[in-house]
Amino acid sequence: MNQVTLKTLRDLKAQDQRFSCLTCYDASFAAAMARAGVEVILIGDSLGMVLQGHNSTLPVTVADMAYHTASVARGNQQSLLMADMPFMSYGNLDSALENAATLMRAGAHLVKLEGGAWLADTVAQLARVGIPSCVHMGLTPQSVNVLGGYRVQAKQQDAANQLVADAIALEQAGAAVLLLECVPRTVTERVQKSVNIPLIGIGAGANCDGQVLVMHDMLGLHAGKPARFVKNFLSAGDGTIEGAFRQFVNDVKAGDYPAHEHGFD
Ligand code: KIV
């Protein structure tokens with residue numbers, strides 16, 4: 001596989017071909033994901049939960065993200081590296097530019113921020129200085145205290161309308177990618193019809209250009225009952241970790257994952 005770029009994702013979208021994305025936090029797993037053909041590697045702030053053992057992503061710092069981004073970059077071959085901007089690292093424009101630059105210097109190819117249309121100025125300024133961004137919408141884990149828990153978002157008509165309007169505003173501001181987490185399939189379909197940039201989903205149904213899962217979840221390593229959208233690819237594959245990544249890539253590309261049961265009405 002050639003180096004994956006944002007143009008690759010746009011081309012895949014234009015050809016109606018799906019792409020895969022997994023979270024990753026170190027060099028060895030990054031190398032295995034690249035060998036398995038994972039197009040996008042997300043250095044997610046979920047590392048606060050799956051690596052550090054916190055019960056939310058809020059304690060994660062820019063230094064943590066830079067450390068893991070640099071580790072992944074050293075193991076990466078050709079995947080596109082997207083790094084999360086952690087909680088409060090983009091609360092104002094100056095800090096957003098400074099912290100995004102730190103992650104890009106560590107090896108990220110684009111950064112991900114959580115929010116809605118209020119991020120339009122930040123997204124535009126980042127694009128102007130050469131930093132592409134993905135905006136994570138719907139269930140935004142950094143706002144868990146505002147949302148009152150990890151639950152499906154935009155179920156009501158007015159919230160769904162707001163999410164679609166925000167997606168349009170963010171595309172106009174220059175967002176390179178959108179990511180939708182835990183929203184009803186119908187909302188994903190509306191966003192898909194309203195924007196032209198690649199759309200990545202997690203618990204957002206099949207009508208996305210790419211699908212992402214937290215690596216630990218798709219390997220069956222989670223405390224308690226997994227979320228509805230999680231599938232165990234270690235048991236679905238050949239029993240190896242690299243085989244699980246390959247199975248995920250194949251299932252996403254074939255349209256076999258996510259199945260109807262992994263989505264929300
Ligand atoms: O941090 C993360 O792992 C994420 C995924 C849930 C998309 O943002």
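In the predicted model, a polar side-chain atom of Ser46 lies 2.6 Å from an oxygen atom of the ligand, a polar contact being a pair of N or O atoms within 3.5 Å. Ligand oxygen atoms are also 2.8 Å from a side-chain N or O atom of Lys112 and 3.1 Å from one of Asp45. Taken alone, the ligand exposes 260 Å², of which the protein buries 95% (Shrake-Rupley method, 1.4 Å probe).

This is a predicted model, in which local features need pLDDT of at least 70 and side-chain atom pairs count only at pLDDT 80 or more, while totals for chains, interfaces and linings use all residues. Residues are numbered from 1 along each chain as its sequence is written, and side-chain values use heavy atoms, with hydrogens and water left out.

The residues around the ligand (a heavy atom within 4 Å) are Thr23, Leu42, Gly44, Asp45, Ser46, Asp84, Lys112, His136, Glu181, Ile202, Val212 and Val214. This shell divides into 4 nonpolar, 4 polar and 4 charged residues, with Gly counted as polar.

The count of disulfides is 0, a disulfide being a pair of cysteine sulfur atoms within 2.5 Å. The sulfur of Cys134 is too far for a bond, because the closest cysteine sulfur, in Cys21, is 8.2 Å away. For Cys208 the closest cysteine sulfur is that of Cys134, at 11 Å, which is likewise too far for a bond. Cys134 is buried, with a relative accessible area of 0%, and Cys208 is buried at 0% relative accessibility; buried means under 20% relative accessible area, computed with a 1.4 Å probe on protein chains only.

Conventions. Buried means under 20% relative accessible area, exposed over 50%, partly exposed in between (1.4 Å probe, protein chains only). A polar contact is a pair of N or O atoms within 3.5 Å; within protein, one must be able to donate a hydrogen and the other to accept it, and residues adjacent in sequence count only if both atoms are side-chain atoms.
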